[in-house]
Amino acid sequence: MTEKNPRKVSLLIHRLILAAGMIAVVGLLASCGGGGSSAPAATSPSKAASPSVAGKIPPKIRIGFQPPYVPVFVLKDQKLAEKAFGDRSPEIEYKRFLSLTPITEAISSGALDLAIGGNPVTAIAADQPIRILALTERSPKTHAVLVRPDSSIKSVADLKGKKIATPMGKSYFFPQKVLQSAGIKDSEVDWVKLENDVGRSAFLSGSIDAWVTWDPFYAGAEVSKEAVPLVDGEGYFQNYVVLFGNADFVDAYPDAVARFIQAYRQALTWVQDHPSDAVQLFANENKVSTEIAELTMKRRAYLLSPPDVEDFVADSREQGKFFAEIGVTKKEPDWETAIVPQIAKSVLEP
């Protein structure tokens, strides 16, 4: 009966094609080295990769990201992605976004090829053509429910009936879990969807009661003493940050994705080996104080792994089920199709 299921057959064919593309990738990346040096700019993958064995490379790669992700600034600053391609390098274009929703929209429309951001659960449930390729962080303490220092809201229970602003409205798992912990239904608060820059203004003006956001916006409001955290994400929200891509791009260019992951590993290693320099780079790129940059990076827990980690899959399924139950999505995501671990495994596993 399984072999007669068109969806399963299509998925099998998709994975066989992707696996075939990995034959060239594995040989290529084995000769590229691990990339874990303190001077990643000196690595020269192109010397080990001949065009005859390398996979297809696009003329341009467009990468979306959010302000907290300092390894992306290292990639840009040291041109590590370009160096991973050697003399076959495409044009690498980085596009900055304040939150996840516009990134998933750009990935789905084909305006972006790859992106780094939160787990795009609701977008995948809506059948947007997104593939999760790697895990890059698990940083729950970077998210918080903020209230003003003089607020009457002193506990989670006090949020009932209040105006809560988030960049994703009610499609944000962290505040939903916070409310759930106090027995508050999502219909028992007034959700206001505001992007992070607008959210801060609304918060300071008093037009909303609580602001749910993440670093560096959270750190900025905390350092300036404009806000205090009612709770952060610890115990409520795993906050996996993922590398994901447009499905057509991933299918067409698995070698390019692999090279990008290799370059990202070098950038991450540099961040971990040069914490002071990374803080300064973060501060400069985001135009924030060193204090805000230090606090933001202190709360981050970096990692780099294939996306089929059991804990991540379980967390994804929990979110997908929850959003379907409360009516944010019409159905649960198809994680079997969306999570594609093969490329990252070819780079990151021996």
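## Asn286 and its surroundings

Leaving aside residues up to four places away in sequence, Asn286 touches Pro67, Phe73 and Arg96 in this predicted model. Asn286 belongs to helix H11, and because its relative accessible area is 10%, under the 20% cut-off, Asn286 counts as buried.

## Helix H11

Helix H11 covers residues 275–286, and its 12 residues, at 1.5 Å a residue, should span 16 Å, which agrees with the 16 Å that separate its end C-alpha atoms. Besides Asn286, the buried residues of H11 are Ala278, Val279, Leu281, Phe282 and Ala283. In an α-helix there are 3.6 residues a turn, so residues three or four places apart point the same way.

After H11 comes Lys287, which has a positive phi, near 55 degrees.

## The five-stranded sheet

Elsewhere in the chain, five strands form an open sheet with mixed pairing, in the order S7-S6-S8-S5-S9. The edges are taken by strand S7 (190–193) and strand S9 (228–232), each of which has a single partner strand, so one side of each is left without a neighbour in the sheet. On average, and with direction ignored, neighbouring strands of this sheet are turned by 30 degrees against each other.

Within the sheet, strand S6 (residues 163–166) pairs with strand S8 (residues 210–214) in the parallel sense, over two bridges; Ile164 has Ala210, in S8, as its bridge partner.

## Helices on the sheet

Two helices may be described together with this sheet. Helix H6 (residues 173–181) lies across S6, S7, S8, S9 and strand S5 (143–147), and runs at about 65 degrees to S5. Helix H7 (residues 196–205) also packs on the sheet, where it touches S5 and S8, and the direction of H7 makes about 150 degrees with that of S8.

## The chain as a whole

The protein chain contains 15 helices and 11 strands, and of its 350 residues 55% are buried. When contacts between residues at least 6 apart in sequence are considered, 81% of them join residues at least 24 apart. The chain exposes about 14,600 Å², of which carbon and sulfur atoms supply 52%.

Note on methods: Residues numbered from 1 in each chain as written. Predicted model: local features only at pLDDT ≥ 70, side-chain atom pairs only at ≥ 80, totals over all residues. Heavy atoms only, no water. Pairing = 2+ DSSP bridges. Helix = DSSP H or I, 4+ residues; strand = E, 2+ residues; numbered from the N terminus. Axes fitted to C-alpha atoms, helices over the stretch in contact; angles between N-to-C directions. Contact = heavy atoms within 4.5 Å. Expected span 1.5 Å × (residues − 1). Buried < 20%, exposed > 50% of the residue type's maximum accessible area, 1.4 Å probe, protein only. Areas by Shrake-Rupley, 256 points an atom, 1.4 Å probe, with all protein chains shown as cover.
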